[in-house]
Amino acid sequence: MIHRRRVNTNLIAGCIITGLTVFIILVGYFWTPFDPAGMDASAINAAPGLPHLLGTDRFGRDTLSRIMQGAGATLRIAFFAVCIGAFAGTLIGGLTGYFGGILDELIMRLSDAVTAFPSVLLALVAVSIVGRGSDKLILVLGVLFIPSFARVVRGEFVKQQHRDYVKNARLMGVKDARIIFVHILPNISAVLLSSIAIGFNNAVLAEASMSFLGLGVAPTESASLGIMLKEAENSLMSAPWQALSAGFSIAILILGFSLISEGLGFNGIRSRTSKRRLRLNAENA
Amino acid sequence: MLYVLKKLGVFLLTLFVISILVFIAFQIIPGDEATNILGAEATPERLEALREQLGLNEPPVTRYFNWLAGFVTGDLGFSRSYNMPVSELLAGKLGITACLTALSFVMVILISFPVGLLLARFAHSVFDRVLMLINQLVMSLPPFFIGIIFTYIFGLVFKLFTPGKFVPLNEDPLRFWGYLIFPALAIALPKSAMVVKLFRGSMVSQFGEDYVRTAFSRGNSRRRVLMHHVVRNALIPVVTFLAFTLVDIVAGSIIIEQVFAIPGIGRLLLSSISGRDLAVVQTITMIIAAIVIAVNNLADLSYKYIDPRVKFR
């Protein structure tokens, strides 16, 4: 029987969508059709067409240019927030998973409490402490992402602990730090990568939600997809297409990242439930 | 019994820790109730006098335990910015958010179960593929964006409701629910898409099981096998996911209340944080935390009823 390799449509579709959006965003850093901040009094709330492909807002600013810039701001926030979360989360999860002990128990209980909470709510309280601005938003989201990364990485480390290659390395007298980062870490890269994709997914949504609520990026700072959606909501009556272009930009970013994470074999929905099952089964044993 | 006691202990401890965290957060934020009442141009003397009067000059630890003592005995405190007791302030708003959440949750179930069943019945067909593609797209739509689209289509074009004109329940129950349908659906749509995906996947993964083959070999129709045998087993992961969904819906309502100008606890929470109204924020976080923890525990318990093999320690 000929065994045909299954094509990973999710991963391919996700990579194409994300690749295209990242390409457009990168272009937006160097060139936009119009000046994103430039106001054109002759084209206020213009409908999509020529020369403004996606129309203009109530100041006559070109929507396409602003989306290219705004998506860049959104992606930049998501990128650095995920960097903070993934780096600190991997460090904490790796160390606690490898060494175990009371600290492990304590940190996991704490992250249980944090991850059980709706993250929007936590972000709300956190932003009200540190204030608005994209750098502060990066910090808040980054810190909020740490527990979920730590949980995933810890779980993988606990699984890898009893593999022969780890035991062998120990017997050969390899230092703990080297086992953690050189031996185990590359083996969990697939899981880590898909969590990073999910992290991007959540970060884009969080930025959009927070900016939409007026608690994220300050409008004076730069455009962001959340801010654009908020502005579009105000001129919904006269220019409904603005909301569509901002909203679908958010949706496309999220779609790309969610397809990638699924393609990498991490179903965000299923893993959440099956992990609880595993825990219950483990408690039975 | 021991299990319940242990869970109850963890429950109370978590609430205690969260209340301390919120209290500390409010000590760190710049500004307090006094600056908020008097505004930015108040003289230091007047600020000082008001702080003395409000009891803000007492040490933080004393103030925390004063609040805790009140909270435990049922005195939720007094909201300065709304000038009424917190319990009275919340009484009306809590019901609105609860209605929105409940409506949204019911919608998730009503949408996702039939669609999931249908997709599983026609799994891997063209119909299934096309709908799953649409499903994936709906999953990616942020609820507040759907809310804005609904406001435009149903509010401004078809005029099925007046955007921003919320109708209280005691004024006109029919129009109250009519107004809530759209925000509830905005929250429910992406969540239903997730449940559809999970439910369909869970059903399809059962198709290869021995009991399905046995059921077929005994002459059951496809429909009967699906409805009587597969669904029950496929529901196990779905029920737990629904518990998480409920928590997400509560959080989602905070944002959607802004879009539709619904005077629920989400809007109150936002305005109370900016108004530095500690008593209100504390109470709302306590309520949400209690719901979150309770739902999570219920999800754990639900295993026992769906899958009797699971025992608790």
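Two residues are in contact if their C-beta atoms, placed from the backbone, lie within 7 Å. The legends below describe close-up views of a predicted model.

**View 1. The side of chain B that touches chain A.**
Here 35 residues of chain A meet 41 residues of chain B in contact. On the chain B side, the elements that give two or more residues are α1 (2-28), α6 (126-139), α7 (143-157), α8 (173-206), α10 (222-260), α11 (265-274) and α12 (278-306). The most comes from α10(B), which gives 11 residues. Sorted by class, this side of chain B has 30 nonpolar residues, together with 7 polar and 4 charged ones.

**View 2. The two domains of chain B.**
Domain 1 of chain B covers residues 2-86, and domain 2 of chain B covers residues 91-306. Their C-alpha centres are 34 Å apart. Across the boundary, 15 residues of domain 2 of chain B are in contact with 21 residues of domain 1 of chain B.

**View 3. The side of domain 1 of chain B that touches domain 2 of chain B.**
Three names can be looked for in this view: α1, α2 (33-38) and β1 of chain B are the elements that give two or more residues to this side of domain 1. With 8 residues, α1(B) gives the most. By class, the residues on this side of domain 1 are 10 nonpolar, 7 polar and 4 charged.

**View 4. Asn83(B) and its loop.**
Asn83(B) sits in the loop that runs between β1 (78-79) and β2 (84-85) of chain B. Its phi is positive, about 55°, although Asn83(B) is not a glycine. Is Asn83(B) buried or exposed? Asn83(B) counts as exposed because it has 8 C-beta neighbours inside 10 Å, and a residue with 12 or fewer is placed in that class.

**View 5. Lys159(B) and its loop.**
Lys159(B) is found in the loop between α7 and α8 of chain B. The phi of Lys159(B) is near 55°, a positive value in a residue other than glycine. How many other C-beta atoms lie within 10 Å of Lys159(B)? There are 9, so Lys159(B) is exposed.

Note on methods:
Residues are numbered from 1 along each chain as its sequence is written. Chains are lettered from A and ligands numbered from 1 in the order in which they are written. This is a predicted model: local features need pLDDT of at least 70, side-chain atom pairs count only at pLDDT 80 or more; totals for chains, interfaces and linings use all residues. Helices (H or I, at least four residues) and strands (E, at least two) are DSSP runs, numbered from the N terminus. Ala, Val, Leu, Ile, Met, Phe, Trp, Tyr, Cys and Pro count as nonpolar, Asp, Glu, Lys and Arg as charged, and the others, Gly among them, as polar. A residue is buried if 20 or more other C-beta atoms lie within 10 Å of its own, exposed if 12 or fewer, and partly exposed in between; C-beta atoms are placed from the backbone. Domain bounds come from an automatic or database domain assignment.
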